[in-house]
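Subject: Structure for your review

Dear colleague,

Please find below the structure that I am handing over to you.

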Number of protein chains: 2
Amino acid sequence: MLSWVDGRPQQAVALTDRGLAYGDGLFETIGVKHGRPQLLERHLARLADGCQRLTIPVDLNLVRTELLAFAAEVGEGVAKLILTRGDGLRGYAAPITAVPRRILQAAAAPAYPVNNAEHGVRLFPCATRLAEQPLLAGLKHLNRLEQVLARSEWQDSDHAEGLMLDISGRVIEGVYSNLFIVRDGVLVTPELSRSGVAGVMRAELLAQAESLGIAVSVQALSYEQLLAADEVFLCNSLYGVWPVCALQAHSWPVGPLTRKLQRIARDLLDC
Amino acid sequence: MLSWVDGRPQQAVALTDRGLAYGDGLFETIGVKHGRPQLLERHLARLADGCQRLTIPVDLNLVRTELLAFAAEVGEGVAKLILTRGDGLRGYAAPITAVPRRILQAAAAPAYPVNNAEHGVRLFPCATRLAEQPLLAGLKHLNRLEQVLARSEWQDSDHAEGLMLDISGRVIEGVYSNLFIVRDGVLVTPELSRSGVAGVMRAELLAQAESLGIAVSVQALSYEQLLAADEVFLCNSLYGVWPVCALQAHSWPVGPLTRKLQRIARDLLDC
């Protein structure tokens with residue numbers, strides 16, 4: 001599979017990379033269609049935010065240029081970008097002048113069942129809880145053992161995604177998706193100041209909803225509020241929107257606002 | 001610098017490795033003296049525990065054999081072992097039959113100032129708090145962004161280590177050390193069921209203290225209890241024991257139990 005390291009075709013990374021040693025870096029998983037990266041500016045904006053918070057010096061124009069060239073080679077599929085702090089010495093202290101490393105890996109577009117988008121998905125109730133770490137919350141960083149543990153909780157194909165709560169019991173997200181509910185016409189998604197990944201499609205849907213005059217609330221969400229929702233859906237930047245139809249014995253209909261935002265997401269990803 | 005991947009000299013690792021993608025793995029930093037890994041069985045025991053908790057299948061005998069051979073080549077210094085879950089597909093789900101990858105890297109023995117052991121170290125009060133995640137607590141896993149952030153808080157050489165509290169304000173550990181206090185003749189170290197790394201030297205000192213009839217308590221430790229301690233010291237498997245002489249305006253004397261355990265640690269690492 002096609003992969004580049006710092007702009008050149010390469011299949012391996014130096015053992016001295018701090019991404020391997022400490023998960024000291026960030027990543028973006030970007031859909032590629034007709035040779036173009038989807039939602040590119042939103043991905044870059046999140047990456048820039050992450051780099052700022054982790055003080056990783058990044059040349060965003062270089063990343064953009066490289067992503068465009070890489071996507072042109074990929075054609076159709078997925079481009080995963082990993083940006084690490086680069087090589088390190090022994091120990092946690094970062095080099096005074098870190099030289100970040102850019103890793104690009106191509107993959108085929110995931111073959112999700114059409115049913116997921118049409119009739120909705122069942123959520124697996126993950127026992128793995130998200131720790132609360134305000135310094136890392138929202139970032140798509142490389143410390144992802146919680147997601148690995150959560151995803152290992154189910155193997156059946158009846159559950160397309162898992163629901164993750166935080167240590168305090170708040171509803172946060174799916175293992176690889178963000179979560180929204182609709183209640184009394186208001187679009188609600190969990191605030192992610194203590195845990196979770198602030199997804200690119202989540203940001204896009206929030207912006208689109210506001211521009212459409214849909215009432216939006218980003219807030220703490222309890223499990224009871226989730227169960228009492230009129231509609232529930234998931235999103236990410238690869239599949240767009242999936243209605244959630246069931247969580248254990250509980251079920252939800254596929255609602256009109258979910259369908260509306262699903263069409264918007266589809267249009268965004270189709271262009 | 002000497003490095004092996006799966007038993008063969010190699011300087012790079014496949015981009016498909018889950019250690020890079022998600023920090024999906026564990027590590028051990030092992031002192032090497034006279035061509036032999038120090039505290040080998042304790043390092044292997046912790047690795048085995050970590051593999052069991054993360055369900056990474058590991059051939060411990062192979063790891064032991066390889067570490068012995070690697071240490072013989074290194075002679076004097078440090079051998080860092082990274083054990084990852086191996087290659088993965090796209091996504092958090094682990095392959096059904098994971099083939100873990102063994103990475104060994106040599107480094108020179110760290111040149112710590114002699115003063116640290118003799119007169120004690122100043123602790124930097126880190127603002128970075130440790131998140132509480134019982135599923136990962138105690139493990140020396142590859143998700144180490146909290147330590148990277150904490151270590152970035154000071155650059156001066158006046159502070160040899162930083163003090164880390166958890167989100168709830170409990171005293172947990174140093175950035176790369178475990179912490180003990182002595183109070184009324186009792187040796188106390190924080191319990192690590194919600195955060196922290198259960199160090200190899202910590203385990204060794206706890207065992208030695210118990211065999212010497214020293215009263216030992218592994219418990220939650222408040223900041224107030226730390227300040228009220230008679231003695232405070234740090235430990236890890238490379239430097240042994242460092243007395244802590246100061247934290248901001250607070251200071252502690254270097255006490256007799258600290259010196260006793262320091263000698264024991266020195267003997268363990270000298271052999």
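**Relation of the two chains**

Chain B can be laid on chain A with an RMSD of 0.0 Å by a turn of 180° and a shift of 0.0 Å along the axis (the copies are superposed by least squares on the C-alpha atoms of residues with pLDDT of at least 70 in both). That is the relation of a two-fold axis. The same surface serves both copies, as 100% of the contact residues of chain B recur in chain A; two residues are in contact if their C-beta atoms, placed from the backbone, lie within 7 Å.

Please note that this is a predicted model, in which local features need pLDDT of at least 70, side-chain atom pairs count only at pLDDT 80 or more, and totals for chains, interfaces and linings use all residues. Residues are numbered from 1 along each chain as its sequence is written, while chains are lettered from A and ligands numbered from 1 in the order in which they are written.

**Interface between the chains**

On chain B, 42 residues are in contact with 42 residues of chain A. The elements that give two or more residues to this side of chain B are β3 (12–14), α1 (18–22), β6, β7 (101–107) and α5 (145–151). Helices (H or I, at least four residues) and strands (E, at least two) are DSSP runs, numbered from the N terminus. The largest share of the side of chain B that touches chain A, six residues, comes from α5(B). By class, that side has 23 nonpolar, 13 polar and six charged residues; Ala, Val, Leu, Ile, Met, Phe, Trp, Tyr, Cys and Pro count as nonpolar, Asp, Glu, Lys and Arg as charged, and the others, Gly among them, as polar.

Strand pairing also links the chains: β3 (residues 12–14) of chain A and β3(B) pair in the antiparallel sense over three bridges. Two strands pair if DSSP finds at least two bridges between them. Within this pairing, Ala12(A) stands opposite Ala14(B).

**Sheet and helices**

In chain B, an open sheet of six strands has the order β2-β1-β7-β6-β4-β5, with antiparallel pairing. Strands β2 (8–9) and β5 (36–37) of chain B stand at the edges with a single partner strand each, so one side of each is left without a neighbour in the sheet. Strands β4 (residues 25–33) and β6 (residues 77–84) of chain B pair over eight bridges in the antiparallel sense, and Leu26(B) has Leu83(B) in β6(B) as its bridge partner. Helix α2 (residues 40–53) of chain B lies across β4, β5 and β6 of chain B and runs at about 180° to β4(B). Axes are lines fitted to C-alpha atoms, for helices over the stretch in contact, and angles run from 0 to 180 degrees between N-to-C directions.

In chain A, strands β6 (residues 77–84) and β7 (residues 101–107) pair in the antiparallel sense over seven bridges, with Ala79(A) opposite Ala106(A) in β7(A).

**Domains of chain A**

Chain A is divided into domain 1 (3–107) and domain 2 (114–270), with bounds that come from an automatic or database domain assignment. The C-alpha centres of the two domains of chain A lie 25 Å apart. Their contact takes 16 residues from domain 1 and 13 residues from domain 2. On the domain 1 side, β4 (25–33) and α2 (40–53) of chain A are the elements that give two or more residues.

Yours sincerely
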